[in-house]
Amino acid sequence: MCQSGRKVMSEDAPVNTGAVAWPDDFTASVMVRRMQTKLHLWAARDEGRRFDDLFNLVYDPAFLVVAWERVSTNKGASTPGIDKATAAGVEARDGVMGLLGRIREELKSGSFRPVEVRRVLIPKSNGRLRKLGIPTLADRVVQASLKLVLEPIFEADFKPCSYGFRPNRRAHDAIAEIHSLASGASNYHWVLEADIKACFDEISHTALMDRLRVRIKDKRVCALVRAFLKSGVLTELGPGRHLHWYPARRNSIPVAGEYCAVSVGRSL
């Protein structure tokens, strides 16, 4: 049981997956890609379109399978949240479909609630510490599924000069663009570098949700994003590594999760 009262989902918890047809990884990826292409085209063709009826995609079997694949192959898959569950642990117990089935049923019924993230401090090159929130495995899967749904919609609104938190783009691509603009016919002479201090610590929940609602009309999707924003933080304190709970602040994000990266990037 977590601080918020929601039971943490066990990695080997029994679940009745019913008659749900779970596609294999390849089939799921094809199905998701087709739907993402449609969402992106619809968003690109109508800049003012607000999308409704998206929540069913978040718990769609294909989207959950792809979300699991991304979470389980991520380099952080072996790092547990407060539930101590890891991807390897779930797979070793042959409980992947059970976990996804449980997530799907909770999302469909409206009983899914994100739990607190585990706060760890990561040393930075300047000697300071970076706060990192680690969600539970189940919450990471839901975040990844949310991203699969939201990303193709918001991608239609990004400018070509935007590189942060975007698929198939990275910092090296931005550097290459700078080199291109600083040479040849463009002949630019100045490069300005700036950083938003503690972006995920200071961003307004209200502003972020307002930006989300510009494109997303589905109240259940918006409520799910807000629930992640409001999830608290558990921090390990002292030699005995006791856990201390902190409620989420209105101007910070407990974890720079998949869904938030898309929304924050759009807000900027």
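Helix 1 and helix 6 meet through Val 32, Gln 36, Leu 39, His 40 and Ala 43 on the helix 1 side and Leu 148, Val 149, Pro 152, Ile 153 and Glu 155 on the helix 6 side, where contact means heavy atoms within 4.5 Å. By class, this contact of helix 1 with helix 6 has seven nonpolar, two polar and one charged residues; Ala, Val, Leu, Ile, Met, Phe, Trp, Tyr, Cys and Pro count as nonpolar, Asp, Glu, Lys and Arg as charged, and the others, Gly among them, as polar. The model is a predicted one, in which local features need pLDDT of at least 70 and side-chain atom pairs count only at pLDDT 80 or more, while totals for chains, interfaces and linings use all residues. Residues are numbered from 1 along each chain as its sequence is written, and side-chain values use heavy atoms, with hydrogens and water left out.

The axes of helix 1 and helix 6 come within 7 Å and cross at roughly 35 degrees. Axes are lines fitted to C-alpha atoms, for helices over the stretch in contact, and angles run from 0 to 180 degrees between N-to-C directions. Helices (H or I, at least four residues) are DSSP runs, numbered from the N terminus. The crossing of helix 1 and helix 6 is right-handed, that is, the near helix is turned clockwise from the far one by less than a right angle.

Helix 6 (residues 137-155) also packs with helix 5 (residues 96-109), their axes coming within 11 Å and crossing at roughly 65 degrees. Helix 5 is therefore roughly perpendicular to helix 6, a term for angles of 65 to 115 degrees. Here Leu 99, Leu 100, Ile 103 and Leu 107 of helix 5 meet Leu 137, Ala 138, Val 141 and Val 142 of helix 6. This contact of helix 5 with helix 6 has eight nonpolar, no polar and no charged residues.

A further partner of helix 6 is helix 9 (residues 205-215), packed at an angle of about 80 degrees with the axes 10 Å apart. Helix 6 and helix 9 are therefore roughly perpendicular to each other. Leu 150, Ile 153 and Phe 154 of helix 6 and Arg 211, Leu 212 and Arg 215 of helix 9 make the contact, which by class has four nonpolar, no polar and two charged residues.

Next comes a pocket. The second largest pocket is lined by 14 residues, with Arg 33, Gln 36, Glu 151, Pro 167 and Asn 168 nearest its centre. Helix 1 (25-45), helix 3 (61-73) and helix 6 each supply at least two residues of this lining, and helix 1 gives the most, with six residues. The lining of the second largest pocket divides into five nonpolar, five polar and four charged residues. On a 1 Å grid over the protein atoms alone, where a 1.4 Å probe fits, a pocket is an open set of points with protein on both sides within 12 Å along at least five of seven lines, and lining residues have an atom within 4 Å of a point.

Asp 53, in the loop between helix 1 and helix 2 (55-58), has a positive phi near 55 degrees. Lys 84, in the loop between helix 3 and helix 4 (87-92), has a positive phi of about 65 degrees.

Conventions:
Angles under 35 degrees count as roughly parallel, over 145 as roughly antiparallel, 65 to 115 as roughly perpendicular and the rest as oblique.
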